[in-house]
Amino acid sequence: MEELSVKGIILDARPQGEYGRRLTMLTDKVGKVTVFAQGAAKIGSKLSGAARPFTAAEFLLAKGKNAFNLHGASVMDAFSEIPMDPDVSMYGFYVLELADYFSAEGMPKEEAKALLNLSFMTLSALRKKELSPWLISAICELRLMKLEGEYTELPGYYGNASDRELTDKLWKYILNAPLTRLYKKEVFEGKDVSDLVKSCTGLFSGQVPHTFRSMRILHDL
């Protein structure tokens, strides 16, 4: 079988047979793919640590008749703290859900790579906890809308007229900042970002007709 080396993040992992795993993975070269990891649930399997949601790695895939098979992985970051942290876990799963919803098999490489990088940086920001998770998720939503071409140059929601200048400034920053500086603490620290968050989530909910399970859980808490 032809082997393909990709960088990616595991979005979902489900049992497949007695010891296997069925993975949903976002990759930089072939977009979203289904990957089977045979024997990954066995004790001592070299694939066990690379067959879990949140895992970012360089994966070695083999194209089978109907799907890919996982032949190897070099883990770059497992983000293992996120699912164990009650303060950010659902926001982390929300990032994975977003990546799953907006990705597709065979999507253009540039789009796949941009979505992968945004997902990675957002998970990194959640782990650092320098910004509140609800702000991080709102920033991610707006930047994602830019990737999808569904954004507006200025926010469409204003809670108070006095908030307008600050909200406009932060909105433009999110749209234009280099990805490595998107979640910089000093940009948002000490500022009232409630109007910004409402503007981001308002735009997103108006453009995306989908209910995400992780957000539904958060709203029920």
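## Strands 1 and 2

Pro15 has Arg21 as its bridge partner in strand 2; strands here are DSSP runs of E with at least two residues, helices are runs of H or I with at least four residues, and both are numbered from the N terminus. Strand 1, residues 3–16, and strand 2, residues 20–27, pair in the antiparallel sense over eight bridges, where pairing requires that DSSP find at least two bridges between two strands. Such pairing within a sheet takes place through backbone hydrogen bonds, in a parallel or an antiparallel arrangement.

The model is a predicted one, in which local features need pLDDT of at least 70 and side-chain atom pairs count only at pLDDT 80 or more, whereas totals for chains, interfaces and linings use all residues. Residues are numbered from 1 along each chain as its sequence is written, and side-chain values use heavy atoms, with hydrogens and water left out.

## Overall architecture

The chain contains eight helices and five strands. Read from the N terminus, its elements follow the order β-β-β-β-β-α-α-α-α-α-α-α-α. With a radius of gyration of 18 Å, close to the 17 Å given by the globule rule for 221 residues, the chain is as compact as a globular protein of that length; the radius is taken over C-alpha atoms, and the rule is 2.2 Å times the number of residues to the power 0.38.

Along the principal axes, the C-alpha atoms fill a box of roughly 60 × 35 × 30 Å. Of the 221 residues, 46% are buried (under 20% relative accessible area; exposed is over 50% and partly exposed lies in between, with a 1.4 Å probe and protein chains only). Among contacts in the chain with a separation of 6 or more, 63% join residues 24 or more positions apart (contact means heavy atoms within 4.5 Å). The chain exposes about 11,600 Å², and carbon and sulfur atoms supply 49% of that area, as calculated by the Shrake-Rupley method with a 1.4 Å probe.

## Barrel and packed helices

Five strands close into a barrel with mixed pairing, in the order 1-2-3-5-4. From one strand to the next, the twist averages 50°; angles run from 0 to 180 degrees between N-to-C directions, along axes fitted to C-alpha atoms, for helices over the stretch in contact.

Helix 2 (residues 89–102) lies across strand 1, strand 2 and strand 3 (31–37), and runs at about 115° to strand 1. Helix 3 (residues 109–128) packs on the sheet and touches strand 1, strand 2, strand 3, strand 4 (56–63) and strand 5 (68–77), its direction making about 60° with that of strand 1.

## Salt bridges

The count of salt bridges is eight, each being a side-chain nitrogen of Lys or Arg within 4 Å of a carboxyl oxygen of Asp or Glu. One of them joins the side chains of Arg14 and Asp12 at 2.6 Å, N to O. Arg14 is partly exposed at 48% relative accessibility, and Asp12 is partly exposed at 23%.

Arg127 and Glu81 also meet through their side chains, at 3.6 Å, N to O. Arg127 belongs to helix 3 and Glu81 to helix 1 (residues 81–84), so this pair ties together parts that are 46 residues apart in sequence. Relative accessibility is 29% for Arg127, which is partly exposed, and 43% for Glu81, also partly exposed.

A further salt bridge links the side chains of Asp87 and Lys129 at 3.7 Å, N to O. Asp87 lies in the loop between helix 1 and helix 2, and Lys129 in the loop between helix 3 and helix 4 (133–148), so the pair ties together parts that are 42 residues apart in sequence. Lys129 is partly exposed, at 42% relative accessibility. Through salt bridges with shared partners, Asp77, Glu81 and Arg127 form one network.
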